[in-house]
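Me: Can you walk me through how this fold is put together? Here it is.

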Amino acid sequence: MRTSPSYTASYRVTVDESKTKIAEVVDAVGKTGAEVRGFDVADSDRGQLVIDLTCNMASSEHRREVRSALCDLPGVSVSSVADRTFMAHVGGKLEVAAKMPVRNRDDLSRVYTPGVARVCTAIHDQPLKAHMLTMKANSVAVVSDGTAVLGLGDIGPEAALPVMEGKAVLFKEFGGVDAWPVVLDTKDTEEIISIVKAIAPAYGGINLEDISAPRCFEIEARLREELDIPVFHDDQHGTAIVVLAALINALKLVGKKIEDVRIVVSGVGAAGNAIIHLLLAQGAKDIVGYGRTGALAADDTEGMHPSRKALAEATNPRLVHGTLQEGLKDADVFIGVSQGNILTGADIATMADDAIVFALANPTPEVDPIEAAEHAAIVATGRSDFANQINNVLAFPGLFRGLLDAKVSEITTELLRVASVAIAEVISEDELSANYIIPGVFDERVAPAVSREVRKAVRDLPTIQIPDQEGVQLSR
């Protein structure tokens, strides 16, 4: 039984020490498989001890099992149980904070009326000044319809809101970017495009999140074409950036070149599609994508959605057909963005020597990482409890920090590729190991490195020219 901080709970426990010893309390909890993380005495009175016991569990059922185990002890009662994850979400995870205090009439007249009218007039006369004189310069909308939430699927906008709030927290904590969740009660592609276009004036960028394929492809493409601010679909391109970063370093370790290796990708939805295109941009030549019906191939595209047909035509130069298991034979790299437990260690054993396995389905990887490690040289997952976690938080905060600072109006494949290289290069060749091919999510070097390289790479891209207060065009 694997415990997790996602299932941390605190128990307020009263113990009659004449009937049960504290050591017996801890022992009873341990026998359930829970991990004791904190033991604090809240009160003591004539042999009655009140303690706060904090534990990591494996599930909600496990949390209830721990409570039952405590209550079964003589002289022990549990007055309350607080789920720490739910407590972290009470009232939401975001708030609005003013950057300028309003302490007197002078402050009020500058922040609001009548002084604000001067700023409004300046923006009306020169709309691009909004990038300098409003929150637009450092704001991103995290937009979702809640149809493809990781591990949960189509749960709707309200249920998806905690995820979008969390994403906004990560934007701020890791990139210093002010982000705000915008969840939409519609699945209609045209309506989503229309709404995002309508709210775009308040933001410097749009981050699309957890929108199901294939609608997400059209939504992103149309918004990129019709808006003059960067539009980014994190489920596609954030994942692709980090996968490429990890693969760059993994290939260094095994002494292979991306243009020479055979790559198998399981899952050709939003993430798989973007991963494949970014790998091609980095120089990969032999990639075979696998969907539910087997390998995608250019000689068998009848009835395919246009996005999948384009993928089939851009990959699989050997016109491989058949199942994923068959395609793994002699492959150098496996990248899974599909579903859990579809492969075994025996399948990985058929791959080439020094194989690289990225099993990224969450919460259950495509193949058990421990089994995979018996046959592969390098294994990565999307989980935090194994080495080499492929986590999008390594990409989007620094990427948007760079995009906003450079006032970029368009995101290109080259910018995504540059972000990947920047993440990979955070780890020096002396530091690289089979269990350290990608920086940790709390590595403070990552976001600045990505931001810096993105700013360097945008010199030849369209940028927003912002007039200063005297009407002079400001360059980068």
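This is a predicted model: local features need pLDDT of at least 70, side-chain atom pairs count only at pLDDT 80 or more; totals for chains, interfaces and linings use all residues.

Me: Okay, what does helix α2 lie across?

Reply: Helix α2 (residues 60–71) lies across β1, β3 and β4, and runs at about 160 degrees to β4. Angles here go from 0 to 180 degrees between N-to-C directions, with axes fitted to C-alpha atoms, for helices over the stretch in contact. The helices (H or I, at least four residues) and strands (E, at least two) are DSSP runs, numbered from the N terminus.

Me: And helix α1, which strands does that one lie across?

Reply: Helix α1 (residues 22–31) lies across β1 (4–16), β2, β3 and β4, at about 20 degrees to β3.

Me: What's the strand order in that sheet?

Reply: The four strands go β2-β3-β1-β4, antiparallel, in an open sheet. Two strands pair if DSSP finds at least two bridges between them. β2 (35–45) and β4 (76–83) each have a single partner strand, so one side of each has no neighbour in the sheet.

Me: How many bridges join β2 to β3?

Reply: Nine, with β3 covering residues 48–57. One to look up is Asp-43, whose bridge partner in β3 is Val-50.

Me: Switching topic: what about the six-strand sheet?

Reply: That open sheet reads β11-β10-β9-β12-β13-β14, with mixed pairing. Its edge strands are β11 (294–295) and β14 (378–381), each pairing on one side only. Helix α10 (residues 234–254) packs on this sheet, touching β9, β12 (333–336), β13 (356–359) and β14, and its direction makes about 160 degrees with that of β13. Helix α11 (residues 270–282) packs on the sheet as well, touching β9, β10 and β12.

Me: Do β9 and β10 pair parallel or antiparallel?

Reply: Parallel, over five bridges between residues 262–266 of β9 and 286–291 of β10. Ile-263 stands opposite Ile-287 in β10.

Me: Last one: at what angle do α17 and α18 pack?

Reply: About 140 degrees, with axes 9 Å apart, for α17 (residues 413–425) and α18 (residues 446–457). The residues of that contact divide into ten nonpolar, no polar and one charged. Ala, Val, Leu, Ile, Met, Phe, Trp, Tyr, Cys and Pro count as nonpolar, Asp, Glu, Lys and Arg as charged, and the others, Gly among them, as polar.

Terms used:
Residues are numbered from 1 along each chain as its sequence is written. Side-chain values use heavy atoms; hydrogens and water are left out. Contact means heavy atoms within 4.5 Å.
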